[in-house]
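Colleague: Before we look at the charged side chains, could you put the model on the screen and take me through their pairings?

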Amino acid sequence: PSLYAGMSVPSVNPLRQVLDAIGETVEWDTYTSWGMHTPEGFFSFQVGPDDFVEVLRKFGGEEAVEQWNALMKKIGPLHESSSSLPPLVMRSDLNVVRTIFRYLPALLKPGPATASVAGPLDSILEGTVTNKFLYNWLNFLAFALCGLPADGTTAAAVIYMLGEMHKGGAVLDAPKGGGRA
């Protein structure tokens, strides 16, 4: 990935949990802002719950802000649910039932929408995000995370990153020495 969150401190980030499990340490630089050049112009915002709204207002208008708020409300329970399952309890055999059983209430809390995290991000955005600037930014985020556009990126990856980038106290991380470190 080219974006990292939840790596510099113990977290629900699956990569961080694997590194912790094998006793591997990586030195991280943390940063709290994001800057980007787009066809609409340059923007920069502080990660966390509030600052990105001003970027949306400037480049996408009130429509983008309303759609962003609706999207965050929609994915909030999905982020909470998907973050409740440590990746190390996942298995590829029938014993998976034993290892995930205690996490089932949190996993199923969003109801039928839980299954949508396994589909493409576009299925989550459908009916919620039509604003061009907001959609293009989410499409970029999908590509930065997985190398695929929103219609080919699993919703879970972007839901996780949006939840982590826009929560209180959020930071982004970068491995010292780059991704190969």
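Predicted model: local features only at pLDDT ≥ 70, side-chain atom pairs only at ≥ 80, totals over all residues.

Colleague: How many salt bridges does the count come to?

Modeller: Side chains of opposite charge can pair when their charged atoms come close. The rule applied here asks for a side-chain nitrogen of Lys or Arg within 4 Å of a carboxyl oxygen of Asp or Glu. By this rule, the count comes to six.

Colleague: Asp29 and Lys176 meet in a salt bridge; how many residues apart are they?

Modeller: The N to O distance for Asp29 and Lys176 is 3.8 Å, and a pair counts when such atoms lie within 4 Å. Asp29 belongs to strand β2 (residues 28-31), whereas Lys176 sits in the segment after β5 (172-175), so that the pair links distant parts of the chain.

Colleague: Is Asp29 buried, exposed or partly exposed?

Modeller: Buried means under 20% relative accessible area and exposed means over 50%. The value for Asp29 is 38%, and therefore Asp29 counts as partly exposed.

Colleague: In which helix do Arg57 and Glu54 both lie?

Modeller: Arg57 forms a salt bridge with Glu54, with 2.7 Å between the closest N and O atoms. The two residues are three apart, about one turn of the helix, and the element that holds both is helix α2 (residues 52-83).

Colleague: Arg57 also forms a salt bridge with Glu62; how far apart are the closest N and O atoms?

Modeller: Glu62 is partly exposed at 42% relative accessible area, and Arg57 is partly exposed at 32%. For the salt bridge between Arg57 and Glu62, the closest N and O atoms are apart by 2.5 Å.

Definitions and conventions:
Residues numbered from 1 in each chain as written. Heavy atoms only, no water. Helix = DSSP H or I, 4+ residues; strand = E, 2+ residues; numbered from the N terminus. Buried < 20%, exposed > 50% of the residue type's maximum accessible area, 1.4 Å probe, protein only.
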